[in-house]
Amino acid sequence: MEFSLQEIAEALGGEFRGEAGLKLKGISSLEEAQEGDISLITRRSNLPQAEKSRASAFIVAEDIEIKKPIIRVKDIRLAMIRAINLFNPPSRSVLGIHPTCNIGQRVKIGREVTLGAHTVVGDEVEIGDNVFIYPQVHLGDGAKIGSGTIIYPQVTIYERVTIGEEVIIHSGTVIGSDGFGFVSVEGEHRKIPQVGKVAIEDKVEIGSNVSIDRATLGTTRIGSGTKIDNLVQIGHNVTIGKNVIIVAQVGISGSVTIGDNTIIAGQVGFADHLTIGANSIIGAKSGVLSNLPPGSSVVGIPARPHMEQMRIYASLGRLPEIVKDMKDLKKRVRKLEGEK
Amino acid sequence: MEFSLQEIAEALGGEFRGEAGLKLKGISSLEEAQEGDISLITRRSNLPQAEKSRASAFIVAEDIEIKKPIIRVKDIRLAMIRAINLFNPPSRSVLGIHPTCNIGQRVKIGREVTLGAHTVVGDEVEIGDNVFIYPQVHLGDGAKIGSGTIIYPQVTIYERVTIGEEVIIHSGTVIGSDGFGFVSVEGEHRKIPQVGKVAIEDKVEIGSNVSIDRATLGTTRIGSGTKIDNLVQIGHNVTIGKNVIIVAQVGISGSVTIGDNTIIAGQVGFADHLTIGANSIIGAKSGVLSNLPPGSSVVGIPARPHMEQMRIYASLGRLPEIVKDMKDLKKRVRKLEGEK
Amino acid sequence: MEFSLQEIAEALGGEFRGEAGLKLKGISSLEEAQEGDISLITRRSNLPQAEKSRASAFIVAEDIEIKKPIIRVKDIRLAMIRAINLFNPPSRSVLGIHPTCNIGQRVKIGREVTLGAHTVVGDEVEIGDNVFIYPQVHLGDGAKIGSGTIIYPQVTIYERVTIGEEVIIHSGTVIGSDGFGFVSVEGEHRKIPQVGKVAIEDKVEIGSNVSIDRATLGTTRIGSGTKIDNLVQIGHNVTIGKNVIIVAQVGISGSVTIGDNTIIAGQVGFADHLTIGANSIIGAKSGVLSNLPPGSSVVGIPARPHMEQMRIYASLGRLPEIVKDMKDLKKRVRKLEGEK
C-alpha cells in the first residue's frame, strides 16, 4: 500500500507542503521510521527526535515547523487515527468455527462469526453477527455477545453476562465473577450468594486482566462508550455511566455509581456505595471517600478539590521547618509575655 | 419455584406483616424487581428506591418501615443469604470428565468430579470428591485439590500447590508462580530458584486475577476461612492467618505474616518481612511499613493509628494557611522583640 | 540426592564446622526442615526460629553463630542460589509438540522445543531452540520467541510481539494488548488504532497477571535483564532500560522512559511521558509526576527526594497540635501588640 503526499493530505483534510507526488509507503514512529515512511510530530517536545528521524514526511500540528515535506492538520490526534487507518486498514477475516471449539446446547450464532481454537461456549449462549472470538475464550451458560464485538484470547465471561455491540475485550479479563460479599457470623465469613448479572453496553472497550464482578442481586453495569484500561477492579453492583474513562489499576468498590463522561486517572480507589457526579475528574492515586457532585475535580488521599490539594502539596515541604519555627516562636512569645 | 410470604418468613426466622398466602416467585434488587418478586431494604438510604420499586414484598431490618407486605428480620444480611439461597438453591450437576481434558500419569480422581473441556491435569495430581473444575483450567504436576472445591475457568495452579476443601477460586487467578527473588551480582539480577510450595487451607475464597507466589523454600500459606478479593498480590513465603479479609488490589510483600481475623481494605501495601497482629484493621490505600501489635487499627501512608491519621487528614487543609500565618507571625514577633 | 557437609561447603565456597562426612539430603526452610536437611539463616532475626529448627546443619552469614554444624559463607544470598540448585538441579524434559496444540501456517520451530496441550500458535510464528511453552498458551500471528525462553500456562502473546532469549513469563500475563489511546470527539471516545509492537529483550523475567500494551506506533520495549513482578501495568510506548527491578502492582503510563538499573518498589505509579534517569530508586506507593535525573531516590505522593519526604512524614504527626498552637499564638501575639 502506497499513497502520495497529496493523497494523504486529502485523506486527513490537511494542507501539504512539498512534492505532491512524493510516494509514502508506511506510517511509523519518529524513532523507527525508514526512508519512505511518514511520521507524526504530536508535540513540540518531539522536535529534536523529528530532526533525527529518517521519515520522508511528517504530519504536524498547526504550530509546528520542520524542514521536510509536511502535512499540516488542525487536530493532530484525529489525523493520527485517519493516517494509521489509511496504512493499516482494519481487517480481520472471518474464520468460522474452529473444530476444537466446544459449543453447548441451544446456542444461537449469528452470521460471519469467528470462534477460535479451544474456545468454550456454554449452553444457551447467544452470539450476534460479525463477532470475532479468539481462541481459548470462555463464554459461560446464557452469556449474550452483541454484533461486531471482538473478544481476545483467554477472556472469561461467566454465565448470564450480557455484552453489547462493538465491544472490545482484551486478554485475561474476567467478567461476572462473584462479588465480594460475606456476613461475619461468630468470626466465620459466610458467603452471600452472588446471583445477579453484568451488563456491558455498546462500544465499551476493556483492557487486559480487568476484573468485573457480577451483582449480588440486580446488575453490575458499564455504560456505552466507556473505556477501561488494564488491571481495573469493578466490584459488585457498580454502575458506570456512558463515555467514562477509567485508567489502569483503578479500584471501584461495591455499589458505587459513576456519572457519565467522568475521567478516573490511574490507581484511584473508591469507598463503597459512593455516587460520583457526571463530568468529574479524579486525579491519579486518589482515595475517594465521599460522594461528589457533578463536575467535581478532586485528587489526593482523601480526595479534595484539585486546587486545594495542590496548595497542600506545595505547603507540605515547609512542614518540617514549621515544626521548628513553632517551637522557637512559642519560646519567644513566652519570653515577651514574661517581660511585660 | 414459588413461596408464600409466610413460608419465606419462616425460612428467615422473621415476622411478616401482610397476607400470609401472598405468592412470591423470585428475589430481586429494588431496581429490577417485578410484580411478584420480593426484595431487600438493607439500609434506610434505600427507602426512596424501595418506594419506587415494583417488588410485591420486602425483607427489612428491624428499624425500617414501608407500606407494603414485609418480613422483619433481626439480621438483614443473614436473611439475605437465606432468601437468595431459597430462590436460587445452589446446584451444579456433576458433568464428569470432558473428553478434551488432558490428564497426566498417576492421577487420583475422587467421586462425583467434574473436569471441564480443555482442562489440563498434570502428572500425580490428586483431586478429592465432589470437586468441580471448569473448562480451561491448568493443574500442574503434583497439585492436590481437596473435596468440594470449585475452580472457575482459566485458573492456573502450578506444580505441587495444595488446595484445601470447599475452596472457591475465580478465573484468571494464578497460584504458585515463582516468588520475586533475585541477587544482584555486578549489576545483573540472578534468579533465586523458587522451589517451595503454596498451601491454600479449607474454605478459602479467592477472587479473579489474583497472584499468589510459591515460597523460595518452605510454604506460602493462606489460612482457612480467609477471603481474598480480585487482583490481590501475595508474595513468596507470606503467611495469612484464618478468617482474614483481603479486599481488592492489596499487595502483600514477601515473608509478611498476617494474624487471624485481620481485615485489609482495598489497595493496601505491606513492606516485606512484617508481622501484623491478629484482629487488626488496615484502612484502604495504607502503606504499612512496620510490625503491628494485635488489634491494631491503622490507616495512611505511612500507616498510623486510625484516630491519629484522621486528625492529620483534618488538619492538612489548614496547612497552606499555617505557612502564611507563620511567616506573618515571625515578622510580628521580631517587631515586638525589637520594640522592647 | 545426598551431599556431605564438606561437599556442600565446597560447592558454596564456604567453610564448614562440624563432621565433614555428615550426610544431608535436602534443603528446606527453618520451619519445615526435617532431620537430615540443611537450612539457611539469612538474618540475625531468624536465630530464634533456627534454634527451634530440626535442620541438621545451617548455611550462615559471617556474623551468625549457632551450636550446630554450619557452613559459613561470605554472600548468604549467592550461597542460597547455589545450595538450592545443588539439591534441586533445574530440569525440564523436552516434551515435544502435544497433539492438541494448534499450529498455524508458515511457523518455524527450533530444536528441543516443547509446546503444551491446547496451546495455540498463530501463523508465521518463530520459536527458537530449547523453548518450553506450557499448555494453554496463546502466541499470536508473527510472534517471535527466542531460544531458551519459558512461557507458563495461560500466557497470551499478541501478534507481532518479540520475546528475546532466556526470558521467563508467568501465567496470566498478557503482552501486546492495545494501548489505551482515544481521542474525544464531541464527548465520544474514538479509538486510536494501536499498530505498534512490543519487544521483550533477553533474560527478562515477567511475573503473573502482568499487562504490557503494544505501542501505538513504534515499540514498547523492556530492556534485557529487567525483572517484573506480578500485576504490573506497562502502557503503550513505554521504554524500560536494562536490569530494572519493578515490584508488584506498579503502573507505568504511556510513553514513560525508565533508565537502566532503576528500582521501582511496589504500587508506584508514573504520570505519562516522564523520563526517569538511570540508577534511580522509587519508594513504594509513590506517585511520580515529573522527570527525574539519574541516581534519584524519591518517595511519596507526589514523589519527593527520600530524605525530604522522611522529614515530612515525621512532622505530619505534629500537624494537629500545630493547628492549635497557631491559633493560640496568634491570639497571644495580638494581645502583646495591643499592650504596647
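**Close-up views of a predicted model**

**Figure 1. Relation between the chains.** In this predicted model, chain A is superposed on chain B by a rotation of 120 degrees with 0.0 Å of shift along its axis, with an RMSD of 0.1 Å. The two copies are thus related as by a three-fold rotation axis. For chain C, superposition on chain A likewise takes a rotation of 120 degrees, with 0.0 Å of shift along the axis and an RMSD of 0.0 Å. In general, a rotation about an axis and a shift along it relate two copies of a chain.

**Figure 2. The two assigned domains of chain A.** Domain 1 of chain A covers residues 3-87, and domain 2 covers residues 102-308, according to the domain assignment. A distance of 37 Å separates the C-alpha centres of domain 1 and domain 2 of chain A.

**Figure 3. The contact of chain A with chain B.** Chain A contributes 54 residues to this contact, and chain B contributes 56 residues. On the side of chain A that touches chain B, at least two residues each come from β20 (174-177), β21 (182-185), β22 (188-191), α4 (306-316) and α5 (319-338) of chain A. The largest share of this side, 7 residues, is supplied by α5(A). By class, the residues of the side of chain A that touches chain B are 22 nonpolar, 22 polar and 10 charged.

**Figure 4. Helix α5 of chain A against helix α5 of chain B.** The crossing of α5(A) past α5(B) is left-handed. From α5(A), the residues in contact are L319(A), I322(A), D325(A), L329(A), R332(A), V333(A) and L336(A). Their counterparts in α5(B) include L319(B), I322(B), V323(B), M326(B) and L329(B), as well as K330(B), V333(B), L336(B) and E337(B). Taken by class, the contact of α5(A) with α5(B) consists of 12 nonpolar and 4 charged residues, with no polar residues.

**Figure 5. The open sheet of chain B.** Ten strands of chain B form an open sheet with parallel pairing, in the order β8-β11-β14-β17-β20-β25-β28-β31-β34-β37. Its edge strands, β8 (102-103) and β37 (287-288) of chain B, each pair on one side only.

**Figure 6. The β21-β22 hairpin of chain B.** Strands β21 (residues 182-185) and β22 (residues 188-191) of chain B are paired in the antiparallel sense over 4 bridges. One of the bridge partners in β22(B) is R190(B), which pairs with V183(B). The hairpin of β21(B) and β22(B) has 2 residues between the strands, and E186(B) in the turn has a positive phi of about 50 degrees.

**Figure 7. Backbone details in loops.** A cis peptide bond runs from I301(A) to P302(A), with omega near -10 degrees. P302(A) is placed in the loop between β38 (297-299) and β39 (304-305) of chain A. In chain B, the peptide bond joining I301(B) and P302(B) is cis, with omega about -10 degrees; P302(B) is found in the loop between β38 (297-299) and β39 (304-305) of chain B. A further loop of chain A, between β8 (102-103) and β9 (108-109), holds R106(A). The phi of R106(A) is near 55 degrees, which is a positive value in a residue other than glycine.

Methods:
Residues are numbered from 1 along each chain as its sequence is written. Chains are lettered from A and ligands numbered from 1 in the order in which they are written. This is a predicted model: local features need pLDDT of at least 70, side-chain atom pairs count only at pLDDT 80 or more; totals for chains, interfaces and linings use all residues. Domain bounds come from an automatic or database domain assignment. Copies are superposed by least squares on the C-alpha atoms of residues with pLDDT of at least 70 in both. Two strands pair if DSSP finds at least two bridges between them. Two residues are in contact if their C-beta atoms, placed from the backbone, lie within 7 Å. Ala, Val, Leu, Ile, Met, Phe, Trp, Tyr, Cys and Pro count as nonpolar, Asp, Glu, Lys and Arg as charged, and the others, Gly among them, as polar. A crossing is left-handed if the near helix is turned anticlockwise from the far one by less than a right angle, and right-handed if clockwise.
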